[in-house]
Amino acid sequence: MKILVCISNVPDTTTKITFTDNNTQFNTNGVQFILNPYDEIALARAIELTEGTGTVTVINVGEANTEPTIRKALAIGATDAVRINAKPHDAWYVAYQIAQYIKANPFDLVLTGRESIDYNGSKVAGMLGELLDLPSVSIIKKLEVDGDKATVEREIEGGKEVLTIPFPFIAGTAESVAEPKIPNMRGIMSARTKPLTIVEPVEVKTNSEIISYETPAPRGQVKLVPADDAAKLVELLHTEARVI
Amino acid sequence: MSVLIYAENAGGKFKKSTFEAVSYARAIADQNNTGLIAISIGDVSADELNALAKYGAEKILNVSNAKLKNFVNQAYASVIAEAAKKQGADIVVLSNSFSGRGLAPRLGVKLDAGIVDGAVSLPDQSGGKFHVKKTAFSGKAFAMVELTSANKVIALTPNSYKIVETAKPAQVEDFSVETKESDFKAMLKEIVRSTDKVSLPDAEIVVSGGRGLKGPENWGMIEELADLLGAATACSKPVSDAGWRPHSEHVGQTGIAVSPNLYIAIGISGAIQHLAGISSSKVIVVINKDAEAPFFKVADYGIVGDAFEVVPKLIAAIKEHKTLA
Ligand SMILES: Cc1cc2nc3c(=O)[nH]c(=O)nc-3n(C[C@H](O)[C@H](O)[C@H](O)COP(=O)(O)OP(=O)(O)OC[C@H]3O[C@@H](n4cnc5c(N)ncnc54)[C@H](O)[C@@H]3O)c2cc1C
Ligand SMILES: Nc1ncnc2c1ncn2[C@@H]1O[C@H](COP(=O)(O)O)[C@@H](O)[C@H]1O
């Protein structure tokens, strides 16, 4: 089985998010970038499913500065990597580039993360599905292979759906799909020499633009209620905050 | 030019988030002086369909086709895109639910439309532009997105727009479509409903527990408090990682992002990754025995105390409040 895992390069989860240029640019100063946590899960599952019987290619749309993240994925256990050499303008741009690559290089299964933790779109998987006319499930909780098809569990409000889908298809993994894998010494050594192909982007029209950012309004000072006076809290929530 | 709203149902009933999306779509139609068409797919009764009129739908398209009884994002996206084309709708609105997240990207591609996923505000259309605010960086920020395409798809974050009743006279029409075989490759085997409890992304009140609760055996009081308030339960990441609670309850940067009216955090320290997913809650209450816990810095109300003493008292106080009310 040949699996493609789409990986994104995102700010570390501890990053305090700030902006520059009159709140139009994300301030990357001093920010550490990491492999998107959900993509680590997709990668871990892909490695489990191909152990000894297939290959896992990772693909990233990004400029040269994403290479440490790509090498991390290779260290974790991907077979090879592709970088489409462009700034990822938005999910549409990313999906379009990756779809072009897949059309020329078909895979049995394409995995993404359920969302990137920076722009949180959950869009790339569905867009790839549409661009390739293949089934897609944006958020899966479980993925099992059964011959030429897979059984997946899809998250829904208050439960789950169980689906069977023939290969090839696209799915976005949530955390219960696999445990992330930590690279070992051998992986780290071999990552340096595993193939990384750089592909130039194709031109694509954009249809959305982020024009500014803001951070949530700060909250006022916390009102503390004595530990033995829960009734006071209930009263405040009822009469002042009006939420119960 | 008109606005099309996809009215998502769960087991034949429209959800609260659907009515929020209809109210939101009505407001967009009013901004543009145009009509609002709703589309429902699946097995939904006439009464239930008519309920959409209460929130401002003028025309209600009912797609009731045995093949489309259950949600398949690929096939549903084809139906909604076809309806948008036939009805001349240039703005498609839906809820940013789990299903909505499977539909919006496919619709965007089919309609050559820019997408705002996770919208939290009405569009600002001043100066002929189209700007919509969405959450970004897992709730740590908002981004203003400009859509530059002629067609637009907007997926509204649940609990971010108030339901508004604006009854319009409405008519229900059957809408039939040709389905194509290749849209049905994914086959639904079963739907498993975990409980009949409130689902976390839709909940108006969330009661959340952290590692301070020591172990899964202590969740009884969390559930009791949640039941009393009609709330959903949630937890911090280490709690679900340890298997004390299911992963579907984990909120935060790498879990579910919620925006309830009230978020009650019990025995949770308030790490930056946890706060990311809950910071758009309207009111935050923190119960923690450590007065220095970072969570107090972002809370509206707090109790410094031992959860095992405070929560039972809170339960009693709410029971009392309810009998008086
Ligand atoms: C990549 C990454 C992603 C992450 N994503 C998330 C995420 O999405 N969501 C998330 O929640 N975390 C996430 N985390 C973990 C996060 O950094 C914290 O470790 C986690 O939120 C802490 O959980 P906690 O507050 O339950 O536990 P702790 O930090 O152990 O805090 C327990 C709290 O309980 C209090 N307490 C103890 N006993 C009592 C008592 N009897 N009564 C009252 N209070 C008591 C303590 O004072 C303390 O404040 C992530 C971490 C990483 C590295
Ligand atoms: N620049 C990128 N390159 C490759 N894959 C990406 C990129 N951005 C996002 N993805 C993939 O798409 C998933 C969903 O991203 P999003 O739609 O932005 O939430 C991520 O988890 C990645 O798997």
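Guide: What follows is a walk through some helix packing and the contact between the chains.

First, the ground rules: this is a predicted model, where local features need pLDDT of at least 70, side-chain atom pairs count only at pLDDT 80 or more, and totals for chains, interfaces and linings use all residues. Residues are numbered from 1 along each chain as its sequence is written, chains are lettered from A and ligands numbered from 1 in the order in which they are written, and side-chain values use heavy atoms, leaving out hydrogens and water.

Let's start at helix 4 of chain A, residues 124-132 (helices are DSSP runs of H or I with at least four residues, strands are E runs of at least two, and both are numbered from the N terminus). Asn120(A) is not a glycine, yet has a positive phi of about 50°.

Within chain A, the axis of helix 4 comes within 9 Å of that of helix 3 (residues 91-104), and the two cross at roughly 45° (axes are lines fitted to C-alpha atoms, for helices over the stretch in contact, with angles from 0 to 180 degrees between N-to-C directions). Helix 3 and helix 4 of chain A are therefore oblique to each other (under 35 degrees is roughly parallel, over 145 roughly antiparallel, 65 to 115 roughly perpendicular, and the rest oblique). Their crossing is right-handed, that is, the near helix is turned clockwise from the far one by less than a right angle. Helix 3 brings residues including Trp92(A), Tyr96(A) and Ile102(A) against Val124(A), Met127(A), Leu128(A), Leu131(A) and Leu132(A) of helix 4 (contact means heavy atoms within 4.5 Å). By class, this contact has 13 nonpolar, no polar and 1 charged residues (Ala, Val, Leu, Ile, Met, Phe, Trp, Tyr, Cys and Pro are nonpolar, Asp, Glu, Lys and Arg charged, the others, Gly among them, polar).

Helix 4 of chain A also meets helix 4 (residues 98-110) of chain B, with axes within 7 Å and a crossing of roughly 40°. That angle makes the pair oblique, and the crossing is right-handed. Gly126(A), Met127(A), Gly129(A), Glu130(A) and Leu131(A) face Pro105(B), Arg106(B), Val109(B) and Lys110(B) here. The tally is 4 nonpolar, 2 polar and 3 charged.

Another helix pair spans the two chains: helix 6 (residues 230-240) of chain A and helix 8 (residues 307-324) of chain B have axes within 8 Å, crossing at roughly 50°. That makes helix 6 of chain A oblique to helix 8 of chain B. Among the residues that meet there are Leu233(A) and His238(A) on one helix, and Leu314(B) and His321(B) on the other.

Zooming out, the contact draws 90 residues from chain B and 81 from chain A. The chains bury about 7100 Å² between them, 57% of it on carbon and sulfur atoms (buried area is the accessible area, 1.4 Å probe, that two parts lose on being put together, summed over both). On the chain B side, Phe98(B), Phe137(B) and Tyr301(B) lose the most area, together 12% of what that side buries. Between the chains there are 9 salt bridges (a side-chain nitrogen of Lys or Arg within 4 Å of a carboxyl oxygen of Asp or Glu). One salt bridge pairs Lys15(B) with Glu157(A), at 3.3 Å from N to O.
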